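Me: I have a chain open and want to learn how to read it. Can you take me through some features, one at a time?

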Amino acid sequence: MPVTKISDKLSVSTQPSVEDIESLHSQGFTTFINNRPDGEDTAQLGTKVEAQAAGQYGLAYSHIPVTMSTITEADVRAFQDAMRQSDGPVFAHCKGGTRSLSLYVIGEVLDGRMKVADVAAFGRAHGFDMYVAETWLARHTSLRPQVKGFFDARTSSIQYVVSDPQTAKCAIIDPVLDFDEKSGATATINADAILDYVRAQGLTVEWILDTHPHADHFSAAHYLKHKTGARTAIGERVVDVQALWKDIYNWPDLATDGSQWDHLFAHGETFKIGSLDARVLFSPGHTLASITYVIGDAAFIHDTLFMPDGGTARADFPGGDADALWHSIQDILALPDETRLFTGHDYQPNGRTPRWESTVAEQKASNPHLAGVSRQDFVTLRTQRDKTLPMPKLMLHALQVNICGGRLPEPEANGKRYLKFPLDALQGAVWE
């Protein structure tokens, strides 16, 4: 029985005999995984015999039967769980070892420890053809991007890198440029952390995407474009937000045609991130210009829904509308139940640790602003709640930067940059 060592934890093999199983314990193995369905051929021992032999010789036993054409992610996760629960080396077998190794390799790719492009060479180095794993990954990872969230505690914002495992191409979504309103200082701490991750993962940035002009932080889109050369984009209705704030800021020279970005997305428009299919949903309500990016099985839903225990986003900013927000949320909840939803903020209800990923099914079942709530009840709830909320402390600072795609004001004659801050332009002060 040839045994191939894959790592310190895993070895794979062809079909063992009872005598082979007897020898495994003496070789240091503590767990035995059988990846063959019963009845594949007359030479296999079968689950009952293998389980009995494994138990007799002190081996934990798991039966995870797969065929080349029916491997599922659940099978991959079950294989990982069996390995994780083992307190020593794991022996896994199928008929020739390929299926066992495929389960391992697929898990490594799904979890970001291996790239799709490296699968074939990895298999050859161990004497296996990884065609099945490559085919599975081509079919499944095209729908399942890798998503890395970066939480900014200062603004409770989440920034994302969404990447294609097949091509190592990625997009950065809603990046934060650091700003301290007390000192007027800016920094690139958040953006540089994203760039460090991109470099460490060997990714190429294709897009820098904003979901809307943010009111609570500066956008780092312009800085990241300078660093990466990637295209910037936002929803096409940003021109409405620019026109609105041009008046508030009394800014006659502001271009209100969206030319500060490389591309303006229309509702329903599609695009690519590597081989990943992406499309745009117009999601107004929080702002006039808000959009959702649906990328594979992931949707980046910005300030519409928070985590289920956090409810929904406010709709009382200039141009906001609670009824429009309700309809935008319904469009998001019409996505498949298993769609992963990535929110733009988490305010950590009851002091819990930051979280930002949920699913459509979870939101429908447990978000108190939505579960069993009618449209009119939602509008009433949202309107009454918004009346109690102060305006974001950085709103007047941030919008003049963000409606320019993250560009800071140009330096004046003394080389310093200055923000313009209108007085008594907005209602909503909470004096008590």
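Me: Is Gln 260 buried or exposed?

Reply: Buried means under 20% relative accessible area, exposed over 50%, partly exposed in between (1.4 Å probe, protein chains only). Gln 260 has 10% relative accessibility, so it counts as buried. This is a predicted model: local features need pLDDT of at least 70, side-chain atom pairs count only at pLDDT 80 or more, and totals for chains, interfaces and linings use all residues. Residues are numbered from 1 along each chain as its sequence is written, and side-chain values use heavy atoms, without hydrogens and water.

Me: Where is Gln 260 placed?

Reply: Helices (H or I, at least four residues) and strands (E, at least two) are DSSP runs, numbered from the N terminus. Gln 260 sits in the loop between helix 9 (238-248) and strand 14 (263-265).

Me: Which residues is Gln 260 in contact with?

Reply: Contact means heavy atoms within 4.5 Å. Leaving aside neighbours within four places in sequence, the partners of Gln 260 include Thr 232, Leu 254, Ile 403 and Arg 407. Gln 242 is also one of them. The side chains of Gln 260 and Gln 242 make a polar contact at 2.8 Å. That term is a pair of N or O atoms within 3.5 Å; within protein, one must be able to donate a hydrogen and the other to accept it, and residues adjacent in sequence count only if both atoms are side-chain atoms.

Me: How many residues of helix 4 are buried?

Reply: 13 of its 13 residues are buried, so to read helix 4 is to read a mostly covered element. After helix 4 comes Gly 112, with a positive phi near 80 degrees.

Me: What share of the chain is buried?

Reply: Of its 432 residues, 49% count as buried.
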